[in-house]
Amino acid sequence: MEEQTEELDILTSIYDGDDNFREISPKVFQYKLEATEDSQCALLLQIRWTPNYPEQLPDITLELFFNNHINPETKKYITEKLVEVAEENLGTAMTFTLIEFIKENIVSLTEGYSNRTSSDIVQSTGTGTNTSSSRTQATPAVKKEQFTKAQKRRMLDRLINMKGERPRGWDWVDLVKHLSKTGSVEPS
């Protein structure tokens with residue numbers, strides 16, 4: 001227990017200010033690895049200390065909602081490698097070592113990584129249908145064009161100049177500004 005308290009203090013001091021590290025409880029920690037150019041895989045690692053930690057292996061898991069996009073084989077492979085590192089460090093404080101291991105080796109651990117497709121997720125939950133007639137080609141999503149404020153203003157000016165009348169609610173900002181200056185009136 002004393003070793004756990006010391007390691008908790010050390011982890012807190014090391015990862016103070018690191019937004020990717022979260023202490024869920026005094027015995028549960030999460031570290032989020034963001035996707036980079038080298039590794040396209042973002043993942044969330046959770047380490048839960050067992051009652052006899054560090055003499056006993058901690059519970060290491062990637063089975064979190066954040067990791068649903070990672071296929072099960074990749075999760076299993078990463079977890080196995082982390083358990084191997086944990087077994088090498090049995091009897092010593094290893095949470096920092098595990099986090100640093102995954103940070104340093106994320107590229108090699110996720111080689112051959114592929115996102116789960118929606119059909120993989122549906123099949124793993126057992127709600128998919130197996131009839132070939134129900135399968136259709138996936139169409140790429142059409143992105144809605146985003147306009148800047150200046151582009152929106154120009155479009156509005158063109159609209160006003162063409163019809164000569166303004167659309168309903170065009171002056172709502174002025175109305176809100178006016179109401180905020182007048183305040184509410186108290187009944188007498």
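Reader: Which residues in α1 are buried?

Author: Gln 4, Glu 7, Leu 8 and Leu 11 of α1 are buried. Keep in mind that this is a predicted model.

Reader: How are the buried residues placed, seen down the axis of α1?

Author: They fall within an arc of 105° seen down that axis, so the buried residues line one face of α1. In general, an α-helix has 3.6 residues a turn, so residues three or four places apart point the same way.

Reader: And what is exposed on the other side of α1?

Author: Glu 2, Asp 9 and Ser 13 are exposed there.

Reader: How far does α1 reach, first C-alpha to last?

Author: Helix α1 covers residues 2-14, 13 residues in total, and reaches 18 Å. That is close to the 18 Å expected at 1.5 Å a residue.

Reader: Switch to Thr 95. Where does Thr 95 lie, and is it buried or exposed?

Author: Thr 95 lies in helix α3. Its relative accessible area is 0%, so Thr 95 counts as buried.

Reader: What is Thr 95 in contact with, leaving aside neighbours within four places in sequence?

Author: Glu 7 and Leu 11 are on the list, along with Phe 29, Ile 47, Trp 49 and Tyr 53. Glu 7 and Leu 11 are also among the buried residues of α1.

Reader: How far apart are Thr 95 and Glu 7, in sequence and in space?

Author: They are 88 residues apart in sequence. C-alpha to C-alpha, Thr 95 and Glu 7 are 8.2 Å apart in space.

Reader: What about Phe 96: which helix, and why does it count as partly exposed?

Author: Phe 96 belongs to α3, residues 95-109. Its relative accessibility is 34%, so Phe 96 counts as partly exposed.

Reader: Which residues form a nonpolar patch with Phe 96 on the surface?

Author: Ile 10 and Ile 14. Together the three have about 250 Å² of accessible area.

Reader: Zoom out. How many helices and strands in the protein chain?

Author: There are 6 helices and 4 strands. Along the sequence the pattern is α-β-β-β-β-α-α-α-α-α.

Reader: And how much of the protein chain counts as buried?

Author: 26% of its 188 residues. The chain exposes about 14100 Å², with carbon and sulfur atoms supplying 52% of that.

Reader: Last one. Of the contacts between residues at least 6 apart in sequence, what share joins residues at least 24 apart?

Author: That share is 48%.

Methods:
Residues are numbered from 1 along each chain as its sequence is written. This is a predicted model: local features need pLDDT of at least 70, side-chain atom pairs count only at pLDDT 80 or more; totals for chains, interfaces and linings use all residues. Side-chain values use heavy atoms; hydrogens and water are left out. Patches are made of residues with over 30% relative accessible area and no salt bridge: like charges are joined within 9 Å, nonpolar side chains (Val, Leu, Ile, Met, Phe, Trp, Tyr) within 5 Å. Accessible areas come from the Shrake-Rupley method with a 1.4 Å probe; for residues, only the protein chains shown count as cover. A salt bridge is a side-chain nitrogen of Lys or Arg within 4 Å of a carboxyl oxygen of Asp or Glu. Helices (H or I, at least four residues) and strands (E, at least two) are DSSP runs, numbered from the N terminus. Buried means under 20% relative accessible area, exposed over 50%, partly exposed in between (1.4 Å probe, protein chains only). The expected span of a helix is 1.5 Å times one less than its number of residues. The arc is that of the directions from the helix axis to the C-beta atoms. Contact means heavy atoms within 4.5 Å.
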